[in-house]
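Subject: Structure for you to look at

Hi,

Here is the structure I promised, followed by my notes. Please read them with the model open.

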Amino acid sequence: MAKCTLLVDADDTLWENNRYFERTIAECVSLLEPLGYAPEYVRRILNETERRNIQQYGYGVGSFGRSLEETCLALAGALAAPQLRERIAALLQELESITPVILDGVPETLAYLAARHRLILVTKGEPAEQAAKLQKSGLQAFFQAVEIVPEKDVSEYHRIVKQHRIVKSRAWMIGNSPRSDINPALAAGLNAVFIPHPATWELEHAEIRSGSGRLLVVPSFRSLRHHF
Ligand SMILES: [Mg+2]
């Protein structure tokens, strides 16, 4: 196969991410349940709070922590506030110190791909946080460039294409999120590879819309070697 540029997502594509956030949320939900709040209700309020806070504070543990605290305190009321605040702070500290587990087959597949193609990591989030995860992962050397962006939208993909002189017909965005990896990349004229992850964050769900590029759906990161 001719040399391609492979843009590769990080969270829940190279390593586990969202399940750690889900675990933290589940803990908080269980703190609110004795006060009479159903888990689905708490989750709905949290999602709304997150959507709002992301506009201002972006993605990452800091923004998530703010949303979680806001949601829990609003529901629990003043009486429960001091204890709740302390417990949430401990949970967030735990979340921040996690070394993400690398997904199955990722290092050897990246080695295979990096020998044949140009690899660029494209992740969204808080720059220091994403850079630290990449460093801990030991996967950095496989990538010729790293892009940590505030939001993966069509204009951001256009910028990346321009900056790295990418030939769109020979470039693929690879990731687990229809909303951030697949739809905007296809809309920007890139090809895309969707690798579903069962623990993908609710806010990343979307129906896949076709664009001008090609779309592949593969069951695992490992299976990329059958296509590239
Ligand atoms: Mg992802």
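**Helix packing around α1**

α1 and α4 are roughly antiparallel to each other, because their angle falls in that class (under 35 degrees counts as roughly parallel, over 145 as roughly antiparallel, 65 to 115 as roughly perpendicular, the rest as oblique). Their axes cross at roughly 165° and come within 10 Å. Axes here are lines fitted to C-alpha atoms, for helices over the stretch in contact, and angles run from 0 to 180 degrees between N-to-C directions. The crossing is right-handed, meaning that the near helix is turned clockwise from the far one by less than a right angle. On the α1 side the contact is made by Tyr20, Phe21, Thr24, Glu27, Cys28 and Leu31. On the α4 side it is made by Leu84, Arg87, Ile88, Leu91 and Leu95. Contact means C-beta atoms, placed from the backbone, within 7 Å.

Two notes on the basis. This is a predicted model: local features need pLDDT of at least 70, side-chain atom pairs count only at pLDDT 80 or more, and totals for chains, interfaces and linings use all residues. Residues are numbered from 1 along each chain as its sequence is written. Helices (H or I, at least four residues) and strands (E, at least two) are DSSP runs, numbered from the N terminus.

α3 is the other partner to check. The axes of α1 and α3 cross at roughly 10° and come within 11 Å. These two helices are therefore roughly parallel to each other. Phe21, Cys28 and Leu32 in α1 meet Phe64, Leu68, Cys72, Leu75 and Ala76 in α3.

The expected span is 1.5 Å times one less than the number of residues. Its buried residues are Asn18, Thr24, Ile25, Cys28, Leu31 and Leu32. They cover an arc of only 135° around the axis, so they sit on the same side of α1. The arc is that of the directions from the helix axis to the C-beta atoms. Ala26 and Ser30, on the other side, are exposed. Buried means 20 or more other C-beta atoms within 10 Å of a residue's own, exposed 12 or fewer, and partly exposed in between. The cover over the buried residues of α1 includes α2 (39-57), α3 (61-76) and α4 (81-96).

α2 has 19 residues and reaches 25 Å, close to the 27 Å expected. Val42, Leu46 and Glu50 are its buried residues. They pack against α1 and α3. Just after α2, Gly58 takes a positive phi of about 75°.

**Single residues to check**

Most residues other than glycine have a negative phi. Asp12 has a positive one, near 65°. It lies in the loop between β1 and α1. Asp12 is buried, with 24 other C-beta atoms within 10 Å.

Arg165 also has a positive phi, about 50°. Its place is the loop between α7 (154-163) and β4 (171-175). Arg165 is exposed, with 7 other C-beta atoms within 10 Å.

Lys3 is in the segment before β1 (5-8). Lys3 counts as exposed, with 11 C-beta neighbours inside 10 Å. Leaving out residues up to four places away in sequence, Lys3 touches Arg116, His117 and Arg118.

Best wishes

Key:
Two residues are in contact if their C-beta atoms, placed from the backbone, lie within 7 Å.
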